[in-house]
Amino acid sequence: MRRPMVAGNWKMHGTRASVAELINGLNNQALPADVDVAVFPSFLHLGQVVDGFLGKAIAMGAQDCAVQPLEGALTGEVAASQLHDAGCSLVLVGHSERRSLLGEGDEVITRKFAAAQSSGLHVVFCVGESLAEREAGRTLEVVAAQISAVIDTLGVEVFATAIIAYEPVWAIGTGLTASPEQAQYVHAAIRGQLALQSPELAGKTRILYGGSVKAASAAELFGMPDIDGGLVGGASLNADEFGAICRAAGS
Ligand code: PGA
């Protein structure tokens, strides 16, 4: 069985004071032992989060990494090796905000994927269609192409340790959530795509749903056979709400 995961993407939020408050709130949450829980703070707050969760089973990830795996002359970027050294075990790659607002395309995304894995980080690889693409009936085609871009360059085996997050762009930060059936349909297609190359790997790869996940919608989403947890943005900034979402993923 796949172990569920709930990950909180804090995006570009937080001050030292608000992060301290969130850490404190999360430390007071009862988290299920059968769920992997992770948070993705901004680079600025990685050190504070490592120190804040000492002894608590909450993993830490970064929201981005450089295309180059190791330290070097690349002003403003952070290498995956530095993230690993700072205590990260995970990194987001291919988030739609970086794809659309910062122009990250398949080539850069694939390089970041490879850089992260070579430094021992688990990639949470984000895919998803825009509203226009969904309305044009292109959802599965778009998502499959995003995954193929990685497989064609790096091979399907990279998904043995990576996690996929299906995040329909129209559901991110909008309060609109894909219905459990809509999400399940895409998750099953993603797993089917992996299974074409490796049925064994496809059965083991975790596929998270993201897009306005709330405590109220989490249990139904996580109850679908191919939904292995969630990548949570807005709701992860509230410790009680995030704790409830984590508990919804437990058995
Ligand atoms: P949201 O963000 O939960 O605020 O919609 C999800 C994400 O972008 O990962």
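Biologist: Is V108 buried, partly exposed or exposed?
Modeller: V108 is partly exposed, because its relative accessible area is 29%, which falls between the 20% limit for buried and the 50% limit for exposed. Keep in mind that this is a predicted model.

Biologist: Where does V108 sit?
Modeller: V108 is in helix α5.

Biologist: And how far apart are V108 and A216 in space?
Modeller: Their C-alpha atoms are 36 Å apart, and in sequence the two are separated by 108 residues.

Biologist: What about T110, where is that one?
Modeller: T110 is in helix α5 too, and that helix covers residues 106-118.

Biologist: Buried or exposed, T110?
Modeller: Buried. The relative accessible area of T110 is 6%, so T110 falls under the 20% cut-off.

Biologist: Which residues does T110 touch?
Modeller: If you skip residues up to four places away in sequence, T110 touches A149, V150, T153 and L154.

Biologist: Let's zoom out. How many helices and strands does the protein chain have?
Modeller: The count is 11 helices and 8 strands.

Biologist: How much of the protein chain is buried?
Modeller: Buried residues account for 51% of the 251 residues. As for the surface, the chain exposes about 10,900 Å², with 55% of that coming from carbon and sulfur atoms.

Biologist: What share of the contacts join residues at least 24 apart?
Modeller: That share is 71%, counted among contacts between residues at least 6 apart in sequence.

Biologist: How many positive and negative side chains are there?
Modeller: There are 16 positive and 26 negative side chains. The centres of those two sets lie 3 Å apart.

Biologist: Where is K11, and is it buried or exposed?
Modeller: K11 is in the loop between β1 (5-9) and α1 (16-27). K11 counts as buried because its relative accessibility is 17%.

Biologist: Now D34. Where is D34 found?
Modeller: D34 is in the loop between α1 and β2, and β2 runs over 36-40. D34 counts as partly exposed, because its relative accessibility is 27%.

Biologist: Which residues is D34 in contact with?
Modeller: Leaving out neighbours within four places in sequence, D34 contacts R3, P4, G250 and S251. The C-alpha atoms of D34 and M5 are separated by 8.9 Å, and those two residues are 29 apart along the chain.

Biologist: Last one: which residues form the aromatic cluster?
Modeller: F113, F125 and F159 form one aromatic cluster. The count of aromatic pairs comes to 4.

Note on methods:
Residues numbered from 1 in each chain as written. Predicted model: local features only at pLDDT ≥ 70, side-chain atom pairs only at ≥ 80, totals over all residues. Heavy atoms only, no water. Phe/Tyr/Trp six-rings, centres within 6.5 Å; stacked < 30°, edge-to-face > 60°. Helix = DSSP H or I, 4+ residues; strand = E, 2+ residues; numbered from the N terminus. Buried < 20%, exposed > 50% of the residue type's maximum accessible area, 1.4 Å probe, protein only. Contact = heavy atoms within 4.5 Å. Areas by Shrake-Rupley, 256 points an atom, 1.4 Å probe, with all protein chains shown as cover. Lys, Arg positive; Asp, Glu negative; His and termini not counted. Charge placed at Lys NZ, Arg CZ, Asp CG, Glu CD.
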